[in-house]
Amino acid sequence: MAATHYIGLIPRKHPMPILQPQDEEAIRQRFESELTGDVKMTLVTHNPIGGLMIPGRDCPSCPTTEDLIGEVVALSPKIALEVVDFYRESEIANSLGVDKIPAVLVHDSDESAAKFYGLPSGFEFPVLLDAIVAASTQISGLSEAALAALAKVTEDVHIQVFVTPT
């Protein structure tokens with residue numbers, strides 16, 4: 001089963017935009033000045049068929065995450081969005097290493113990806129924007145010393161960062 005591809009705004013789940021107009025404009029300007037290459041984002045979510053909710057498959061933050069990511073993607077023609085339904089397209093979700101939803105992946109040209117679980121709001125939102133810019137420019141922002149230290153790593157490393165408002 002193929003994932004659904006959207007360019008620009010995905011259909012809204014809520015009637016009101018999440019981003020304020022001044023924030024949209026600031027992000028649009030940042031993208032115009034900083035994005036040099038194309039970026040692919042993948043949103044792994046769940047869209048219940050006809051509103052039918054199967055117990056255990058609920059995802060209260062999925063609709064808001066879809067709206068937010070749709071608004072961000074609409075701010076630059078350099079960002080393409082792929083939407084994957086976690087349950088109906090489980091093979092694709094598994095191949096992406098996604099085991100919970102919502103998940104937002106920001107891919108660079110090598111198909112490496114930064115992965116965000118949950119609604120990327122609050123302190124996570126600027127990090128999401130930074131990940132989009134880094135994927136586009138292929139510039140990590142790491143110091144030469146950090147890059148040299150990372151070059152010495154010989155095994156795969158799985159890094160997880162957890163954030164909570166408290």
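User: How do α1 and α4 pack, in angle and axis distance?
Analyst: Helix α1, residues 21-34, packs on α4 at an angle of about 20°. Their axes are 10 Å apart. Keep in mind that this is a predicted model.

User: Parallel or antiparallel, then?
Analyst: Roughly parallel. The cut-off for that label is an angle under 35 degrees, so the pair α1 and α4 qualifies at about 20°.

User: And which hand does the crossing of α1 and α4 have?
Analyst: That crossing is right-handed.

User: Which residues make the contact?
Analyst: On the α1 side, Ile27, Arg30, Phe31 and Glu34. On the α4 side, Phe125, Leu129, Asp130, Ile132, Val133 and Thr137.

User: How do the residues of that contact divide into nonpolar, polar and charged?
Analyst: The contact of α1 with α4 has 6 nonpolar residues, 1 polar and 3 charged.

User: Now α2 against α4. What are the crossing angle and the distance?
Analyst: Helix α2 covers residues 62-73 and helix α4 covers 124-137. Their axes come within 13 Å and cross at roughly 45°.

User: What do you call that arrangement of α2 and α4?
Analyst: Oblique. Roughly parallel needs an angle under 35 degrees, and roughly perpendicular starts at 65. The angle here is roughly 45°, so α2 is oblique to α4.

User: Right-handed or left-handed, as α2 passes α4?
Analyst: Right-handed.

User: Which side chains meet there? I mean the residues of α2 and α4.
Analyst: Leu68, Ile69 and Val72 come from α2. They meet Phe125, Leu128, Leu129 and Ile132 of α4.

User: How many of the residues in the α2 contact with α4 are charged?
Analyst: None are charged and none are polar. The contact of α2 with α4 has 7 nonpolar residues.

User: Zoom out. How many helices and strands in the chain?
Analyst: The chain has 5 helices and 5 strands.

User: In what order do the elements run from the N terminus?
Analyst: The order is β-α-β-α-β-α-β-β-α-α.

User: What share of the residues is buried?
Analyst: Of the 166 residues, 35% count as buried.

User: And the accessible surface of the chain, how much of that belongs to carbon and sulfur?
Analyst: Carbon and sulfur atoms hold 58% of it. The accessible surface comes to about 10100 Å².

User: What fraction of contacts comes from residues 24 or more positions apart?
Analyst: They account for 75% of the contacts with a separation of 6 or more.

User: What about Thr64, which element is it in?
Analyst: Thr64 belongs to helix α2. It is partly exposed, at 25% relative accessible area. Thr64 and Pro120 are 56 residues apart in sequence, and their C-alpha atoms are 9.9 Å apart.

User: Switching to backbone geometry. Which peptide bond is cis?
Analyst: The bond from Ile101 to Pro102 is cis, with omega near -5°. Pro102 is in the loop between α3 (90-95) and β4.

User: And what's up with the phi of Gln138?
Analyst: Gln138 has a positive phi of about 60°, although it is not a glycine. Gln138 is in the loop between α4 and α5 (144-151). With 41% relative accessibility, Gln138 is partly exposed.

User: Where is Asp108, and what does it contact?
Analyst: Asp108 lies in the loop between β4 (103-107) and β5 (113-117). Leaving aside neighbours within four places in sequence, Asp108 is in contact with Ala135 and Gln138.

User: Last one. Which residues does Leu142 touch?
Analyst: Leu147 and Leu150, not counting residues up to four places away in sequence. Leu142 is in the loop between α4 and α5. It counts as partly exposed, at 43% relative accessibility.

Conventions. Residues numbered from 1 in each chain as written. Predicted model: local features only at pLDDT ≥ 70, side-chain atom pairs only at ≥ 80, totals over all residues. Heavy atoms only, no water. Axes fitted to C-alpha atoms, helices over the stretch in contact; angles between N-to-C directions. Helix = DSSP H or I, 4+ residues; strand = E, 2+ residues; numbered from the N terminus. Parallel < 35°, antiparallel > 145°, perpendicular 65-115°, else oblique. Left-handed = near helix turned anticlockwise from the far one by under 90°. Contact = heavy atoms within 4.5 Å. Nonpolar A, V, L, I, M, F, W, Y, C, P; charged D, E, K, R; others polar. Buried < 20%, exposed > 50% of the residue type's maximum accessible area, 1.4 Å probe, protein only. Areas by Shrake-Rupley, 256 points an atom, 1.4 Å probe, with all protein chains shown as cover.
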